[in-house]
Amino acid sequence: MEILYNSTRNNGIRVKASEAILKGLSEDGGLFVPDHIPMLDKGLKDLAGMTYQEVAYEVMKLYLTDFTEEELKDCIVKAYDGKFDTEAIVPLVSADGAYYMELFHGATIAFKDMALSILPHLMITAAKKNGVKNEIVILTATSGDTGKAALAGFAGVKGTRIVVFYPKNGVSPVQEKQMITQKGENTYVVGIHGNFDDAQTGVKRIFADRELAERMDRQGFQFSSANSINIGRLVPQIVYYVYSYVRLLAEGKIAEGDKINVVVPTGNFGNILAAFYAKNMGLPVGKLICASNDNKVLYDFFRTGIYDKNREFVLTSSPSMDILISSNLERLIYRIGGEDGRKNAELMAALAEEGKYGITEEMQARLEDFYGNYASGEETAETIRELYEKTGYVIDTHTAVASCVYRKYKEETGDGTPAVIASTASPFKFTRSVMTAIDGKYDAMSDFELADELASLARVPVPAAIEEIRTAPVRHDHVCGKEEMKKTVEGFLGLKNIGH
Ligand SMILES: *Cc1c(COP(=O)(O)O)cnc(C)c1O
């Protein structure tokens, strides 16, 4: 059945999947959502015999209904190939009573690769289908990982350009080095004086600038978004929940129909929303466990029904989750509010104007499958050390937040349902935090010495993504104020002020 996408702020705006991917965000500022969530049309046993790529097709075809079989399979084959360092694409590692779903085997060793290795292909295909002649300009705000994964995905892709803004002092040294060494004539990386929310707010403002959009169109450009609000990011993320479930089934770890709980270290709420969609497609998922760091806006929201971003922004050891406005939460709010665009728009207006909104008791009751908790920096470090000492398995700081919250959940509830923990980054991406969590003595070493040390400790090779940046030259050294983002983009595109 064909699925159309409407805006979370206006039920009347309805577009095809390919149009939603091209637009990224709806014109009214809303996010595109499918008009219904499709059910899996293959049995779990059938899916259990399939490769990652095959499962990806079975899941994505249900959402991207205006893509032909050939188009979609072509995108999948180009995305999930030798860029990943394991044929499984997403291996499951059993450690200390949980399954770690390793989402970090792609080009930039973080989970954003799962979606961003396919998004450029979905976008180019969507452009062709819709007769788009303009060059597509990807504009992205990043708290670290999205930026590099988007750059890696779009670099050198014909018909596209990509501009990435990151908080100059808000990403790890390895993350920054990965971005500013990016190759590709169509790439542009800029540090801003501000935090991630400033970067994201600036990007949203540029997207909403009609005058700029018209000027760009006259000069052969149009914006699209690779941020996690794009439906082309969300849909590929549903795949690995289905895949992990059927792998556990194939390996006899669970029986068909058994429930699993999923634990997700959360920032922008995209990854866990994908798990929610998977559950609503009929995948036997019990609890959706939402793990936050000290920026625990979501924990407070699940507890009280009030979303309130008016609080201090904390820089933590899990920077990719240092977020006070979880954009993708809007899709959940829209759904639990009865899919009423007008009502949802009012809540989002309150968020924009007062920085907070509250939901009704009825809406709160629809959140019963979610459990929220958080881990402090100290607890995160302790979790890394304890797991390593107990099992020899080394996890990164983001994954450790999830692992810690999972322990709290089990202690609170006694729920022994098998759990899949989303492991969202390689420990090599956050080496210093990981190694000093294991032993304070490591703080004296350089980042690259630490990588070598980690490799011998965890008995795994240093990933290619880290080896590459040891010697790579810096290619981007642009910095701007948070008010100068628009001017920066105009400069990169060489836009003229014609028509004024
Ligand atoms: C982006 C990211 C997250 C948060 O994912 P969301 O989909 O934004 O909730 C968690 N961990 C890592 C390593 C990330 O890069």
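Predicted model: local features only at pLDDT ≥ 70, side-chain atom pairs only at ≥ 80, totals over all residues.
K73 is placed over the face of Y57, at 4.6 Å from the ring centre.

**Aromatic pairs**

- The count of aromatic pairs comes to 18.
- One of them joins Y52 and Y80; this pair is edge-to-face, because the ring centres are 5.3 Å apart and the planes stand at 70°, where an angle over 60 degrees is required.
- Y52 belongs to helix 3 (residues 52-60), whereas Y80 sits in the loop between helix 4 (69-79) and strand 4 (92-95), so the pair ties together parts that are 28 residues apart in sequence.
- Both Y52 and Y80 are buried.
- F301 and F302 form a tilted pair, with 5.5 Å from centre to centre and 55° between the planes.
- Both F301 and F302 are buried.
- A cluster linked by ring pairs consists of Y63, F269, F276, Y277, F301, F302, Y307, Y357 and F370.

**Overall fold**

- The C-alpha trace spans about 65 × 50 × 45 Å along the principal axes of the protein.
- Among contacts between residues at least 6 apart in sequence, 75% join residues at least 24 apart.

**Burial and surface**

- Of the 500 residues in the protein, 60% are buried.
- The accessible surface comes to about 19,300 Å², and carbon and sulfur atoms account for 48% of this area.

Methods. Residues numbered from 1 in each chain as written. Heavy atoms only, no water. Phe/Tyr/Trp six-rings, centres within 6.5 Å; stacked < 30°, edge-to-face > 60°. Helix = DSSP H or I, 4+ residues; strand = E, 2+ residues; numbered from the N terminus. Buried < 20%, exposed > 50% of the residue type's maximum accessible area, 1.4 Å probe, protein only. Lys NZ or Arg CZ within 6 Å of the ring centre and 35° of its normal. Contact = heavy atoms within 4.5 Å. Areas by Shrake-Rupley, 256 points an atom, 1.4 Å probe, with all protein chains shown as cover.
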